[in-house]
Amino acid sequence: MRDVTAARRRTSIRAYLLHLRPAEWPVMAAHTLLGWLLAAGLRTPDSRGWLGIATWVVLLNGGTLALNSAFDRDAGDIAFLRHPPRPPRNLAVFAAGLMVLGLALTWQLPPTYRTLYIVCALMSVAYSVPPLRLKSVAGMDWVINMVGFGTLTPYAAWAITGRPLQGPLAAVLWAFTPLFAALYPLTQLYQMDDDRARGDRTFALRLGTRNSLTVAVFCTGIAFGMLAMAAWRTGWRSADLARWAVLAVAAASWAVVLLPWYSHARTWSSQQHQRAMYHALVAWALTDVAVLLGWAA
């Protein structure tokens, strides 16, 4: 009996940890770290920098994902978690506790960071928790994610440095808003059947597969247009061919993912949409690298 109880406890602890989706943390950490590196140059974060990045990635983001799982109760694959375990009974309380712990730690960091943390935490609750549950309101789910993950995440790490955000670098960070506007519907295409069964009218469900990809292509174009304008305002000219080339490679990586996806959208299975979503995340990572090499190197 004691062995059975211990095994159940280990299974429960494992379920809590898996619903934080630690496989996603490197992606979130890289995008958060981008803000620090743009503000501070290619300099390793100090102790406050690491505290802020870890708080944002593990406590705020991990708590957000666990809170979402607590109310979604997905049985099928979700982003960065295949075959998710059944959400534990107290997962929502656990997730909220992590987010509150993160809020307490923000008092060790600049006020701007704390404000961004509070804004994103409130958006997370509004996104997942009834009766608001804006995840189920097509368009609101899109806006929350494009702003929260796209721009406020790197801006939070930028804010730790105390440097004001202005000029071309402000445009660089805001370019990630339309870029995540492109990515977000792509993360939903393979989950449309589960969302439909749950009654969530997500952005991708309302648009449909082909229109979601049209939006993704359009928003990606806007994002790289903003990055190109920021590059010109920064002073990139013909002598900066290497920087332009790196930015062009990042843009091309999105085209390589999106154009075949758009062409075959109606015939692809859920597994093919899921695979393409992870390819889009690679394009996102290449964009982070291109921005880092262009403006921080």
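Predicted model: local features only at pLDDT ≥ 70, side-chain atom pairs only at ≥ 80, totals over all residues.
**Aromatic pairs**

The structure contains 12 aromatic pairs. One of them joins Phe149 and Phe180 in a tilted arrangement, with 4.7 Å between the ring centres and 35° between the planes. Phe149 belongs to helix H6 (residues 140–160) and Phe180 to helix H7 (residues 168–186), so the contact ties together parts that are 31 residues apart in sequence. Both partners fall under the 20% limit for burial: Phe149 is buried at a relative accessible area of 12%, and Phe180 is buried at 7%.

Trp236 is buried, with a relative accessible area of 1%, whereas Trp244 is partly exposed at 26% relative accessibility.

The geometry of these two pairs is set out below.

| Pair | Centre to centre | Angle between planes | Class |
|---|---|---|---|
| Phe149 and Phe180 | 4.7 Å | 35° | tilted |

**Charges over rings**

The charged end of Arg237 is placed over the ring of Trp232, at 3.7 Å from the ring centre. Arg210 lies over the face of Tyr262, and here the distance to the ring centre is 4.1 Å.

**Helix H6 and its surroundings**

Helix H6, which carries Phe149, comprises 21 residues. From the first C-alpha to the last, H6 reaches 28 Å, close to the 30 Å expected at 1.5 Å a residue. The helix has a kink of about 40° at Leu152, shortly before the proline Pro154. Of its 21 residues, 17 are buried, so H6 is largely enclosed by the rest of the structure. Just after H6, Gly162 adopts a positive phi of about 80°.

Gln191 counts as buried, at 13% relative accessibility. The side chain of Gln191 reaches the backbone oxygen of Thr187 at a distance of 3.1 Å.

Definitions and conventions:
Residues numbered from 1 in each chain as written. Heavy atoms only, no water. Phe/Tyr/Trp six-rings, centres within 6.5 Å; stacked < 30°, edge-to-face > 60°. Helix = DSSP H or I, 4+ residues; strand = E, 2+ residues; numbered from the N terminus. Buried < 20%, exposed > 50% of the residue type's maximum accessible area, 1.4 Å probe, protein only. Lys NZ or Arg CZ within 6 Å of the ring centre and 35° of its normal. Expected span 1.5 Å × (residues − 1). Bend = angle between axes of the 7 residues up to and from the residue. Polar contact = N/O pair within 3.5 Å; in protein donor to acceptor, adjacent residues only side chain to side chain.
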